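Dear colleague,

Here is the structure I promised to hand over to you. Please open it first, and then read the notes that follow with the model in view.

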Amino acid sequence: MAETVKTAGVLYIVSTPIGNLEDITLRALRVLKEADIIAAEDTRHTGLLLKHFDIKNRIVSYHDHNKERSGPRLIERLLQGENIAVVSDAGTPGISDPAFYLVRLAKENSITVSPVPGPSALISGLVVSGLPTDRFVFEGFLPVKKNRKTRLNNLAEEDRTIVLYESPYRLLKTLKDLKETLGNRKVAVCRELTKKFEEIVSSTLDEAFQYFSSKSVRGEFVLIIQGNKIKK
Ligand code: SAM
C-alpha cells in the first residue's frame with residue numbers, strides 16, 4: 001500500500017505592533033487567523049492582541065526560558081504539516097528576541113520560513129533620527145557587565161550609524177558610557193515609539209543625559225547614535 005507523504009507546514013514570522021495597534025497589517029491578521037497554532041513569547045499578552053482583533057486561535061508558549069523544550073515540539077508539528085505563526089511581545093520576531101532559534105531549527109529541518117513584515121522598533125527609530133540611514137549597524141542591547149567595555153570600545157571605531165535598544169533602568173548609565181567612550185556625538189533618544197507618550201529627543205549624548213536626569217525615566221527606548229566621522 002502506498003504511504004501517504006505529509007507535506008511540512010510553513011513557519012510564519014509575524015510582526016505585530018510596537019505600541020499602536022493600528023500598525024498591524026492585514027496579512028498579519030489573516031495569517032494569525034488561519035495558522036494552525038500561534039507560538040507566542042507571552043501567551044497572555046498575545047491573547048489580548050488576538051481578542052482586540054476578534055481572532056480565536058490556539059496559542060502556545062515559546063520564549064527564552066523554554067525554547068530548548070518548546071522549539072523541537074513546534075518543529076514536530078511543522079513536520080506533521082501544521083502551519084505555525086510566531087509572534088513576539090512586540091515588533092518583528094527574531095530582532096532581540098528568541099524567534100531566531102526557532103528559525104534556525106526550522107531551516108535545519110528544511111522547513112519553509114516565511115516573513116510577514118511589519119513594525120520593528122529599530123527601523124522606526126532610525127527613520128526619525130535624522131542621522132544617516134544608508135549604512136547603519138544594529139547592536140541590540142549592550143551587555144550589562146561582561147564585555148560591556150569591549151563592545152563600547154569597538155563601537156567607538158564604527159563609522160556607520162549605531163542603533164541600540166535600552167531599558168529605562170539603564171538609559172542614563174548607557175548615555176554616560178557612550179559619551180565617555182565615543183565622545184559627545186549626536187544622538188536621537190526615541191522613547192515609546194507609536195504610543196501615547198512618544199518622544200524623540202535629538203541632541204548630543206551629554207544633553208540627552210542632562211534631559212533624562214531631570215525626570216523619572218519611563219518607557220521603552222531605542223538609541224540612534226552618530227557614527228565615527230574621523231575614521232583612521
Ligand atoms: N522584536 C522587537 C522589535 O522588532 O523591535 C524588539 C524586542 S526587544 C526584546 C524589546 C526592546 O525593543 C525594548 O526594550 C526597547 O528597547 C525596544 N522597543 C520596543 N518597542 C518600543 C517602542 N515602542 N519604542 C521604543 N523602543 C521600543
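Strand 8 (residues 186-191) and strand 10 pair in the antiparallel sense over five bridges, and two strands are said to pair if DSSP finds at least two bridges between them. Within this pairing, Val-189 stands opposite Leu-223 of strand 10. Strand 7 (residues 161-166) is also antiparallel to strand 10, again over five bridges, and here Tyr-165 is the residue opposite Val-222.

Strand 10 is mostly covered, with five of its five residues buried, where buried means under 20% relative accessible area, exposed over 50%, and partly exposed in between (1.4 Å probe, protein chains only). In a regular strand the side chains alternate between the two faces of the sheet. Accordingly, Phe-221, Leu-223 and Ile-225 point one way from strand 10, while Val-222 and Ile-224 point the other way, and all are buried.

Before going further, please keep in mind that this is a predicted model, in which local features need pLDDT of at least 70 and side-chain atom pairs count only at pLDDT 80 or more, whereas totals for chains, interfaces and linings use all residues. Residues are numbered from 1 along each chain as its sequence is written, and side-chain values use heavy atoms, with hydrogens and water left out.

For the chain as a whole, the secondary structure comes to eight helices and ten strands, and of the 232 residues 44% count as buried. The C-alpha atoms fill a box of roughly 75 × 40 × 30 Å, taken along the principal axes.

Another part to look at is an open sheet of five strands in the order 3-2-4-1-5, with parallel pairing. Strand 3 (59-61) and strand 5 (112-116) stand at the edges with a single partner strand each, so one side of each is left without a neighbour in the sheet. Strand 2 (residues 37-40) and strand 3 pair in the parallel sense over three bridges, and Val-60 in strand 3 is the bridge partner of Ala-39. Helix 2 (residues 43-52) packs on this sheet and touches strand 2, strand 3 and strand 4 (84-87), touching or contact being heavy atoms within 4.5 Å. Helix 4 (residues 99-108) packs on the sheet as well, where it touches strand 1 (10-14), strand 4 and strand 5.

Finally, there is a pair of helices to compare with your own view. The axes of helix 7 (residues 171-182) and helix 8 (residues 205-213) come within 9 Å and cross at roughly 160°; axes are lines fitted to C-alpha atoms, for helices over the stretch in contact, and angles run from 0 to 180 degrees between N-to-C directions. Helix 7 and helix 8 are therefore roughly antiparallel to each other, since angles under 35 degrees count as roughly parallel, over 145 as roughly antiparallel, 65 to 115 as roughly perpendicular and the rest as oblique. The residues that meet include Leu-171, Leu-172 and Leu-175 in helix 7, and Leu-205, Ala-208 and Phe-209 in helix 8.

With best wishes

Terms used
Helix = DSSP H or I, 4+ residues; strand = E, 2+ residues; numbered from the N terminus.
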